[in-house]
Amino acid sequence: MTADASRPPERTTKDEQLDAVRTDPLQGNLTTDQGVRVEDTDNSLRAGERGPTLLEDFHLREKITRFDHERIPERVVHARGAGAHGYFEVYESLERYTCADFLTDPSARTPVFVRFSTVQGGRGSSDTPRDVRGFAVKMYTRAGNFDLVGNNMPVFFIQDGIKFPDLVHALKPEIGNEIPTAASAHDTFWDFVSLQPETMHHIIWLMSDRAIPRSYRTMQGFGVHTFRLVDAGGRSTFVKFHWTPKLGTHSLVWDEAQKIGGKDPDFNRRDLWDAIEAGEFPEWELGIQFLGEKELYGEVDVLDATKLVPQDEVPVTPVGRLVLDRNPDNFFAETEQVAFGVGNVVPGIDFSDDPMMQARVFSYLDTQLTRLGGPNFAQIPINQPVAPVTNHQQDGFGQHAIRTGTANYHPNTIGGGCPVVPGAVPGAFVHFPEPVEGPKVRRRSPTFSDHFSQATLFWNSMSDWEKKHIVAAYRFELGKVTDLEIRQRVVELINHVDHELAAQVAAGVGVEAPGEQGSNHGRRSDFLSQTAFPGDGIATRKIAVLVADGVDGDSATSLVEALKAQGAIPEVLAPADGSVRTASGGELAVDRAITTMASVLYDAVAVPAGKDSADALSADGYTVHFVAEAYKHAKPIAAAGEGAALLAKAGLPDDAPGVLVHDGGGAVGEEFSGGFTAAIGAHRHFDRNVDGIAA
């Protein structure tokens, strides 16, 4: 498999709609916004060469005024993001469950726009903090826009939307000093957590490696809430939505994530953009858990957003695929102005009574009014449905449509009674007629009261290395909390999840280990560990190939070609950019100077043969650290011939898991390249002992 940069994106009805508003200003003469040609745009109009600027300089005023008003309010949460266009296809008709057009027509290719995001940080923060990631999908269906506004974790912090302002206030930078940026490791957040036991399930997901994904392309997505699918006969089925990446589910390690934040704060954005530009279109499979009409699965209430229904009990049925194949033409016009709304549903999809979901239905519409300047944000091209829009809404800031006719009300005869309100006919949205009864109360159902058993299920389901990372994450986060009472309260809550976990965390944060309370229920799931989603192949994995003058050209070239043949992206790094001299007197092109890059930006490292090359690399401290750091982060490492000397200089064993050494020089054989490919496909090798590695 090789990347094909010429592979064109699929043309969709949304692309055709956007063609009408795409403009290229890099043509013709420079003009003002009024279409007047400009004589000079480098000098203000003055009274003499050294005189004051004149108020009548309309070009200066317009240019400065437009600049002063370029920024709009950023999102309160999910401000930092990246997006892409693509399409969704359903495998087979789901008419047994829903009348939603895009889920019942396998021949339809539904246009989509997807936005990935972090939660806590602002627009200028980095891509790799420990945080939840947003996974929001806008589907431009023939029956209107459906927005599946989810996250990369299947559960949420809280059960009721009335607590959302409290959660976000606690999570955001503290109000006195606006610190920390894009981080949950501070007093106010953990104070909130320590007083809200319902957060414990989501928190353990946040402490796992799920919170530091390697790429948006290797990240699962979840609808979080329970939705209803409604068929043509009005029958309802509760469902949960899952997105599973074709490339597998993979993450960074925490030390690596922090360093990437400094080396390349746009790491995930760049990764998504570059893959699409290279023709390596990211793909996810949409799966659905069909829950029937039951609101309780054992002890799990499907209306509780802090709970999941284990896949061991209700399997995920693959129903379609999502492909992202075109980058935005303009970040602001598309990625920044796109407006998602949980309330954007289409016939065949309806809400459940999940109280977190119910609040989000209101909140997302409300926030766009401030962020995008008024009620006409749906007319912004990226938000416009491809379905016709015919209603009596009018006026307001940003009204683009020129509405003709005289009847702007319903009912009317002047306009022929149009637009027609057809009633409950096929194609019209009809709310599911759920029977509702009960007194008005501010009280939660007793079925929402279990806050710990699913956190325990998650902990029990982790591999040994995942558990080690979770303990380290709790210790890091709580270690930043200055109030020891908050630390102690959190550890007491963790004790309800698992006593050994609580004891390990307590030992690292300087508080007393609690006494054992209850016992771990022992249940586990096969679908919660990332090891359950390895993905296929090594396509788009980035490999650093380290060389210097005197490199064995055949060794380097054969290794690069073998990696390219598998769809990987090898980059040749050397002490200086340009090229290096090979041992045979030829030249080998260099992609980048090693000092402009870092091991944390790559998935694996290879060192070709060549004595002079290996000696030069081993004498360079930056390169030695590069290799040692990659090893410490459990990345695959390969060395051919004399290249193994660099591993020895870094103090690395040549027989550790994921480390491959080829004895001879010259072209590497299929056995060696195949072994390296398999090591890369495993992503990381956490069964190494890396504690003694200085990196």
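Which residue caps the N-terminal end of α14? Asp-552 does, with a side-chain oxygen 3.1 Å from the backbone nitrogen of Asp-554.

The model is predicted, so that local features need pLDDT of at least 70 and side-chain atom pairs count only at pLDDT 80 or more, while totals for chains, interfaces and linings use all residues. Residues are numbered from 1 along each chain as its sequence is written, and side-chain values use heavy atoms, with hydrogens and water left out.

View 1. Helices (H or I, at least four residues) and strands (E, at least two) are DSSP runs, numbered from the N terminus. Helix α14 covers residues 553-565. Its end C-alpha atoms are 18 Å apart, which agrees with the 18 Å that its 13 residues should span at 1.5 Å a residue; the expected span is 1.5 Å times one less than the number of residues. The cap formed by Asp-552 is a polar contact, meaning a pair of N or O atoms within 3.5 Å; within protein, one must be able to donate a hydrogen and the other to accept it, and residues adjacent in sequence count only if both atoms are side-chain atoms. Just after the helix, Gly-567 has a positive phi of about 90 degrees.

**View 2. Buried residues of α14.** Gly-553, Ser-555, Ala-556, Ser-558, Leu-559, Val-560 and Leu-563 are the buried residues of α14. Buried means under 20% relative accessible area, exposed over 50%, and partly exposed in between (1.4 Å probe, protein chains only). The elements that cover these residues include β13, β14 (569-574), β16 (587-590), β18 (604-607), β19 and α18 (670-681). Contact here means heavy atoms within 4.5 Å.

**View 3. Helix α11 and its surroundings.** Helix α11 (residues 464-479) has 16 residues, and its first and last C-alpha atoms are 22 Å apart, close to the 22 Å expected at 1.5 Å a residue. Its buried residues are Glu-466, His-469, Ile-470, Val-471, Ala-473, Tyr-474, Glu-477 and Leu-478. An α-helix has 3.6 residues a turn, so residues three or four places apart point the same way.

**View 4. The contact of α3 with α4.** Helix α3 (residues 164-171) packs on α4 at an angle of about 140 degrees, and the axes are 7 Å apart. Axes are lines fitted to C-alpha atoms, for helices over the stretch in contact, and angles run from 0 to 180 degrees between N-to-C directions. The two helices are therefore oblique to each other; angles under 35 degrees count as roughly parallel, over 145 as roughly antiparallel, 65 to 115 as roughly perpendicular and the rest as oblique. On the α3 side, Asp-166, Leu-167, Ala-170 and Leu-171 meet Thr-188, Phe-189 and Phe-192 of α4. By class, this contact has five nonpolar, one polar and one charged residues. Ala, Val, Leu, Ile, Met, Phe, Trp, Tyr, Cys and Pro count as nonpolar, Asp, Glu, Lys and Arg as charged, and the others, Gly among them, as polar.

**View 5. Arg-115 in strand β2.** Arg-115 belongs to strand β2 (residues 110-118) and counts as buried at 3% relative accessibility. A polar atom of the Arg-115 side chain lies 2.8 Å from the backbone oxygen of His-78. The side chain of Arg-115 also reaches the backbone oxygen of Thr-335, at 3.4 Å.

View 6. Most residues other than glycine have a negative phi, and most peptide bonds are trans. Ile-179 and Pro-180 are joined by a cis peptide bond with omega of about 0 degrees, and Pro-180 is in the loop between α3 and α4. Another cis peptide bond joins Cys-418 and Pro-419, with omega of about -10 degrees. Pro-419 lies in the loop between α9 and α10 and is partly exposed, with a relative accessible area of 25%. Leaving aside neighbours within four places in sequence, Pro-419 is in contact with Thr-390, Asn-391, His-392 and His-410. His-451 lies in the loop between α9 (355-371) and α10 and is buried at 17%.

View 7. Thr-540 is not a glycine, yet has a positive phi of about 70 degrees. Thr-540 is in the loop between α13 and β13 (542-546) and counts as buried at 6% relative accessibility. Ala-634, also not a glycine, has a positive phi of about 70 degrees. Ala-634 is in the loop between α16 (621-632) and β19 (637-640) and is buried, with a relative accessible area of 2%.
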